[in-house]
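The following paragraphs lead through a complex, from the confidence of the prediction to individual residues. The sequence and the structure are shown first.

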Amino acid sequence: MSENNQEKEVPFYPDHVALEAKVALGVVILVVIIGVIGLFAPVGLGASADAMDTPLHVKPEWYFLALYQLLRFIPKTIGATSPVLAVVLLLIWPFLDRKPDTSKKTTKIRFWLSFAAVLVIIALTIWGEVS
Amino acid sequence: MKTIYRTILIAALSLILVLAAAAGVHAITANQPSPTESIEYSGEFPLEPEKDTCIQCHIDEQFTNIWTPLGRLVLFGAAGLILLFGVARSASVWRSRSEWVPIPTRILAWIDERYQLSEFMKPILAKPVPDWQRRWWYCLGGITFFLFLVQGITGIMLAFYYKPTPTEAYASIQFIENEVLLGSAFRMIHHWSANGMIVMALAHMLRVFIMGAYKSPRELNWVSGVTLGIMTLAFGFTGYLLPWDQRAYWATTVGTEIGGSIPIIGDLALVFLRGGWSVTSLTLSRFFAAHILILPLITVGSLGLHFIMIRKQGVMKPL
């Protein structure tokens with residue numbers, strides 16, 4: 001963002017609401033397209049659940065796949081406790097990192113930190129998907 | 001002239017009332033034709049024929065008496081007459097149109113006079129938005145919220161037909177996909193919009209984290225945001241079991257097992273999640289209850305906190 005238009009302001013209504021409505025309209029169009037695709041290629045169902053028949057490869061949904069893949073290589077107790085601790089850490093993070101930002105440097109550090117974390121998660125997810 | 005219009009209006013309205021009453025009395029007193037005679041359903045979903053209310057014969061207008069079509073004719077006819085009356089009345093007052101206030105405006109003014117909403121809404125709507133805030137990366141949270149609304153609407157649509165029991169869940173989803181009008185479209189939207197919601201929530205969280213927007217005085221906003229993120233994942237986890245196919249069943253078995261291997265509280269967590277030691281109909285019931293009642297309530301509450309705090313504190317201005 002450029003520095004010179006920082007002082008500029010628009011009223012929330014109607015200017016900003018109009019912008020948000022445009023974004024919402026874009027999402028609606030996307031959602032309708034997905035719905036139309038669904039008419040011709042439905043989500044579908046697998047075989048009906050059978051408690052007696054364990055499939056060979058059980059996989060969770062993609063957003064739990066990284067965690068699931070991680071659990072294959074670390075002991076079960078640590079593997080089950082670490083996500084809980086990670087969530088708790090995430091929840092209390094603002095109370096741990098309290099120093100106000102003074103320069104762009106901290107932003108850059110946080111960017112590369114989250115970049116690395118996302119990269120690891122994506123790698124684990126792909127690994128879990130192909131294995 | 002005015003009294004004539006009023007008389008016509010009152011006459012039309014009383015005609016509707018009388019006929020509605022007659023139709024109601026008839027509906028209660030008349031002998032119902034046996035629906036099994038008039039309908040033969042051969043879909044995959046097991047409809048109980050003796051309980052079928054025969055919607056199709058009403059659509060096909062296979063009426064056994066004169067009252068229903070007559071009642072409908074008069075009802076819609078009267079509605080048409082009222083519309084005509086409105087048009088005629090509007091035409092007759094055309095000369096005084098400069099004093100005319102549109103009806104929606106008048107309704108809003110009437111409500112506003114009573115609830116005094118504009119007093120409450122004015123500061124909200126008038127709040128200026130700085131130009132630096134009108135960038136795509138400030139949209140991510142809003143898109144997540146919008147997708148949550150989409151999930152709410154499509155979820156209600158699916159809940160009309162879904163049956164949360166092991167014997168019927170699978171068949172009811174087949175029914176939604178094959179028989180229900182636009183059922184497969186709604187299920188597809190619900191499925192993909194759930195995935196989109198997770199992606200958007202994650203992107204929103206990364207944006208907030210990288211910019212350092214969680215710092216004082218916005219710590220609690222971050223906490224409510226992480227709560228919302230957990231809720232999104234919980235929605236995904238509980239919703240995944242509901243189709244009751246092999247993938248759903250075993251993914252839930254494995255997923256709850258992970259919860260079960262937490263030290264000290266593991267067994268408690270496992271029994272709490274499954275409603276027993278294995279994934280059964282009780283698991284399905286509680287996942288369904290969580291998915292449609294508990295999680296939406298917590299989510300809506302957290303959303304309220306999240307939005308109020310954004311309003312109070314504003315979006316953090318980057319350095």
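The confidence of the predictor in each residue is expressed as pLDDT, on a scale from 0 to 100. The model is predicted: local features need pLDDT of at least 70, side-chain atom pairs count only at pLDDT 80 or more, and totals for chains, interfaces and linings use all residues. Residues are numbered from 1 along each chain as its sequence is written, while chains are lettered from A and ligands numbered from 1 in the order in which they are written. For chain B the mean pLDDT is 86, and 88% of its residues reach 70 or more. The complex receives from the predictor an ipTM of 0.91 and a pTM of 0.78.

Chain B contains 13 helices and one strand; these elements are DSSP runs numbered from the N terminus, helices being H or I with at least four residues and strands E with at least two. Read from the N terminus, their order is α-α-α-α-α-α-β-α-α-α-α-α-α-α. Where pLDDT is low, the predicted coordinates should not be read in detail.

Of the 319 residues of chain B, 26% count as buried. A residue is buried if 20 or more other C-beta atoms lie within 10 Å of its own, exposed if 12 or fewer, and partly exposed in between, with C-beta atoms placed from the backbone. Among the contacts in chain B with a separation of 6 or more, 70% link residues 24 or more positions apart.

How does chain B meet its partner? In total, 61 residues of chain B are in contact with 59 residues of chain A. The elements of chain B that each supply at least two residues to this side include α6 (117–126), β1 (128–130) and α9 (183–211). Helix α9(B) gives the most, with 13 residues. The side of chain B that touches chain A comprises 39 nonpolar, 12 polar and 10 charged residues, where Ala, Val, Leu, Ile, Met, Phe, Trp, Tyr, Cys and Pro count as nonpolar, Asp, Glu, Lys and Arg as charged, and the others, Gly among them, as polar.

Strand β1(B) runs antiparallel to strand β1 (residues 9–11) of chain A, and three bridges join them. Within this pairing, E9(A) has P130(B) as its bridge partner. L125(B) lies in helix α6 of chain B. This leucine counts as partly exposed because it has 13 C-beta neighbours inside 10 Å. Leaving aside neighbours within four places in sequence, L125(B) is in contact with F12(A) and Y13(A).

Helix α9(B) packs with helix α4 (residues 104–130) of chain A at an angle of about 145°, their axes 7 Å apart. Axes here are lines fitted to C-alpha atoms, for helices over the stretch in contact, and angles run from 0 to 180 degrees between N-to-C directions. T107(A), R110(A), F111(A) and S114(A) meet L206(B), F209(B), I210(B) and M211(B).

On the side of chain A, V43(A) lies in the loop between α1 (12–40) and α2 (62–71). V43(A) is partly exposed because 16 other C-beta atoms lie within 10 Å. Apart from neighbours within four places in sequence, the contacts of V43(A) include R187(B), M188(B) and H191(B).

Terms used: Two residues are in contact if their C-beta atoms, placed from the backbone, lie within 7 Å. Two strands pair if DSSP finds at least two bridges between them.
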